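Please look at the chain below as a whole before turning to its parts. The paragraphs that follow begin with a pair of helices and then widen the view.

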Amino acid sequence: MLAAISTMRRNTSISYGTCLLVIVVATGFVHVAVLLMATHNLIASNIIQLFSVLTAALVCIFQAKESMGGVASRRLWHRLAFAFLVWSLGQALFLLSVFLSAKPARSPNSSDVAWLAFAFPLLLVAARRDSKEDIVSWLDTAQSAAFFIILFILVFHQPTSLSMVTAYNVQSVAMVLACALRYSTTHVGSERIFFRNLLLYSLAYGFFSAIGYAGQGFGFGLGSLIDICWPLPFLIFSVLTLVCPPSAALGDDYIIRDSARHHLQGISALGLAAMSMLASVALAHTHPALCGTAVVITSLLFAARTTAREWQLRRAQEGLRHASLHDSLTGLPNRAFLQQALTKHLECDGKGCNGELVIILFDLDRFKLLNEGWGREIGNKVLVLVSERVQQAVRSQDLLVRYGGDEFAVLLANVEQCEAGVIAARLIEAIRSPLLIDGKYLYVTASAGVAGGSPGSDAETMMRDADCAMYKAKLAGKDRFMRFASAMRDAANRKLRIELALRDALAAEALTVHYQPIYGLSETALVGFEALVRWTDAELGVISPAEFIPVAEDMGLITPLGEFVLRVACRQVSSWNALHGQQLFISINLSARQFDAPDLFATIASTLQESGLPPALLKLEITESVLLDGQHSVSEVLSRLRATGIQISLDDFGTGYSSLSYLLRYEFDVIKVDQSFVRNLDQDPVRGELVRTVVHLAHNLGKKVVAEGVELPSELEYLRELECHMVQGYLLSKPLPCSLIDALLDNLNTADTRMALMRRLCA
């Protein structure tokens, strides 16, 4: 047959499945034709029956080959093919008896053994899950075996026509119920298609078998048209499998559900009911001893299987509960477990609660960098070692929890505040020690927050307080712990309110830009402004830039905020220059986040074009944080900006780690001396010498110098003697709103104002 299929494929270029489908359909038509037209059709009919069942077995083997599920999927198909081959063996033995004696052997015979036994592997397909350690699976097998033993006793001990018909009908009913139960609890996917086809086959087998037996009772002999009943179920299964095959892998794994529990118990009840019926109906009157033995065996198997299943379900539920409350990597309790334990302690009515309840929440500093640099496998090993070390550092009665990611928590019950601090310090010290992983020493640190509570407190509030304290520990430099204070909560609440209000304020353009004048010492005149964003909220009042700009950084709003300042400031200064006939520049800060925006250059170029401000009058101030974030991309952007005529200022010079090296690596037009160096520089020799050095360095490099934060006349005089190019500070003017700048520019045109300014700058 395989040769015929290969020939068909070569001639028509169709698939094996299509070839098998054609053969199956053709076999059915040939069988009907033989039964209708052939004179000696007993042998021909049975040969076609044998061919039909062998084709069904071949279809199963073909599906096993095409399966994508590996061993588990192929095992189901092979087991089903084996069942059909057992049925084929019975058919072959029947044909052999016809050839040898010209008539069928008297029943029961060897053919009946195979025809009865073929359902055993089929029931295993429908009922049994493959697991060597699953006692319930083995009890299912034992119960099926006992079922077939009783069938054979019924048929072969004292064979009668009634016993034969009873055995085959009970076999059919068992197949239908087993397949129906399995199908009903297989919810989705390829397994549902597989067991649907198997259920339809078992229904067809039981239905047509009953018709066949009834036909024989009404005088239809072997070799008559009634013979179509025997191969028809196999042909139906082959057609269903080839037309609607399972499209993916089959497997034996399943999730324990209530329906699966009822399914497996139903199969046990099915076996017990079938065997009890056989024992009571067929054996009770003639063999009471066998009847009693059958009832005892089936009852014991049912009781054992039910008990085992209950134990299995209980263990599975305990496993699921443990998995839901514990971390799979470290084996520690998880966040849900902590929530339950914390709630239980806080609901304590005071009995046994002599001390305070304390939470220590900590996470590993820069763990994300370690994960990215060394890989997640090393990161997981770090987490495991850290959990082991902390477990040794805390008390035996304390609860250590993996809170999530690289975050852990320790719940201390009945502890004094001073003792909680000792435990937190010991914990930090334990983590700080080097970790030996794969022959390498890794160094990690942790930041922790400590928060306390007492019976009646709120669990969520405690965790929030601990998290707030941990955040403060990180801001304070990491590798330390901090205790929670109510001021931290107030600060966190204010930050949250600022976050909520800032987005709305930016969308409504409710922020304003103030301008701090910058004066040239050589020109003794106003030369430009620095743009500084300001915000006054209706509910929160005046909010300092030092407060809301970091929030904008965290929220990802610094880029639209910077674009707002750029757009407003360029438009305003361009308007002032046109109105007063000036060439004043505007100096605007750029953050590191703005440099990450791919359209930064296009945004600046379009803003200059829309405002009409010449590029030479725009100075962009950048800090060391910008240069640290991405040297190659920053250098490229700075070069493109300078090529258009825009000037670049290095802000806060001298406050970073390597500002001098930046003068070699990047092109700057202006160096701004930070106000921390300018303050009291005339009285502090060290400060004075540092500023002198920076100014002389700028002169030698051809750079302009701006000194920030000038507040005293003596500071201004010192800078004028050093020939510093430009100055700004409260001595000359604080940042002013547009209305006051308008007045300032108007007054600059008067002689008195010009003389007063010259006296101040040249005094």
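This is a predicted model: local features need pLDDT of at least 70, side-chain atom pairs count only at pLDDT 80 or more; totals for chains, interfaces and linings use all residues.

Residues are numbered from 1 along each chain as its sequence is written, and side-chain values use heavy atoms, with hydrogens and water left out.

Two packed helices are described by the angle between their axes and the distance between the axes. For helix 20 (residues 558–580) and helix 29 (residues 738–748), the axes come within 11 Å and cross at roughly 25°; axes here are lines fitted to C-alpha atoms, for helices over the stretch in contact, and angles run from 0 to 180 degrees between N-to-C directions. Helix 20 and helix 29 are therefore roughly parallel to each other, since angles under 35 degrees count as roughly parallel, over 145 as roughly antiparallel, 65 to 115 as roughly perpendicular and the rest as oblique. Gln572, Trp576 and His580 of helix 20 meet Cys738, Ile741, Asp742, Leu745 and Asp746 of helix 29 in this contact, where contact means heavy atoms within 4.5 Å.

The axes of helix 3 (residues 41–66) and helix 10 (residues 232–243) come within 8 Å and likewise cross at roughly 25°, but the crossing of helix 3 and helix 10 is left-handed. Among the residues that make the contact are Val53, Ala56 and Val59 of helix 3, together with Phe234, Leu235 and Phe237 of helix 10.

What lies in the largest nonpolar core? This core holds 89 residues, of which Tyr515 and Leu618 touch the most other members; a nonpolar core is a set of buried Ala, Val, Leu, Ile, Met, Phe, Trp, Tyr and Cys residues joined through side-chain atoms within 4.5 Å. Helix 20 gives the largest share of this core, 10 residues. Another core, of 43 residues, lies apart from it and includes Ala64 and Leu116.

In the protein as a whole there are 30 helices and 16 strands, with helices (H or I, at least four residues) and strands (E, at least two) being DSSP runs numbered from the N terminus. Of its 763 residues, 47% count as buried, that is, under 20% relative accessible area with a 1.4 Å probe and protein chains only.

Conventions
A crossing is left-handed if the near helix is turned anticlockwise from the far one by less than a right angle, and right-handed if clockwise. Buried means under 20% relative accessible area, exposed over 50%, partly exposed in between (1.4 Å probe, protein chains only).
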